[in-house]
Amino acid sequence: MQLFAQPVVQSNSPWRSPWVLAWIGLITVVLLVNVTFVYLAFATNPGLVNDDYYERGQHYEKTLSSRLAKDPGWTLSADIPDDLKAGEAAAILVTLVDKTGQPVTPDQVNLYAYRPSDKTRDFSAPMVAVGAGQYSARVVFPLFGAWDALIAVRQGEDEFTTGERLTVARP
């Protein structure tokens with residue numbers, strides 16, 4: 001006679017299965033990662049979208065055709081150092097020639113530097129003439145990483161631009 005014998009109870013509850021717990025844990029991790037990404041997307045929004053993107057998009061084809069019609073046929077070549085470092089000044093040289101290879105003297109040449117991840121770091125620098133058809137600017141990139149450089153040449157109402165992706169190294 002067993003007075004203190006306990007009956008053996010086998011639970012069939014699904015919460016005791018390691019597979020169910022693993023799936024619930026996996027789903028919880030995926031949801032937490034997604035919530036974190038949504039939070040970071042709102043917290044670090046660079047605001048690279050133009051306010052009037054729809055109106056610009058409607059006139060895109062017209063803008064392209066008018067630019068092609070006004071193309072002066074200039075050739076712009078930029079001499080950008082390969083070893084750009086954050087916080088260090090670097091000289092960027094631009095050479096501008098016309099269809100016949102003669103130097104061009106436009107009204108204004110500017111360098112615009114855009115930080116794709118943070119528009120508050122964007123800056124521009126006017127380029128000064130250093131020779132026939134040659135313009136230079138000394139710039140300091142405040143952060144390392146990717147930058148988009150846009151060189152804009154203005155002649156009267158017309159503007160001729162070219163862009164290039166730059167990589168700035170750590171100091």
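Student: How many Å separate the centres of domain 1 and domain 2 here?
Tutor: In this predicted model, the centres of domain 1 and domain 2, taken over C-alpha atoms, are separated by 45 Å.

Student: And which residues belong to each domain?
Tutor: The domain assignment of the protein gives residues 16–44 to domain 1, while domain 2 covers residues 73–168.

Student: Ok, where does UniProt put the transmembrane region?
Tutor: The UniProt record, which is an unreviewed entry, places the feature "transmembrane region" at residues 20–42.

Student: Which residues form the nonpolar patch on the surface?
Tutor: That patch is formed by Trp19, Trp23, Leu26, Ile27, Val30 and Leu31, which together have about 700 Å² of accessible area.

Student: Take Trp23, then: where does it lie, and is it buried or exposed?
Tutor: Trp23 lies in helix α1, which spans residues 18–43, and Trp23 counts as exposed because its relative accessibility is 53%, where the cut-off for exposed is over 50%.

Student: Switching topic, what about Asn110, where is that one?
Tutor: Asn110 has its place in strand β3, made up of residues 108–114.

Student: Buried or exposed, and why?
Tutor: Asn110 is buried because its relative accessible area is 11%, and buried means under 20%.

Student: Which side chain does the side chain of Asn110 make a polar contact with?
Tutor: The side chain of Asn110 is joined to that of Tyr112 by a polar contact of 3.5 Å.

Methods:
Residues numbered from 1 in each chain as written. Predicted model: local features only at pLDDT ≥ 70, side-chain atom pairs only at ≥ 80, totals over all residues. Heavy atoms only, no water. UniProt positions renumbered as here; feature names shortened; annotations may be inferred. Domains from an automatic or database assignment. Patch = residues over 30% accessible without salt bridge, like charges linked within 9 Å, V, L, I, M, F, W, Y side chains within 5 Å. Areas by Shrake-Rupley, 256 points an atom, 1.4 Å probe, with all protein chains shown as cover. Salt bridge = Lys/Arg side-chain N within 4 Å of Asp/Glu carboxyl O. Helix = DSSP H or I, 4+ residues; strand = E, 2+ residues; numbered from the N terminus. Buried < 20%, exposed > 50% of the residue type's maximum accessible area, 1.4 Å probe, protein only. Polar contact = N/O pair within 3.5 Å; in protein donor to acceptor, adjacent residues only side chain to side chain.
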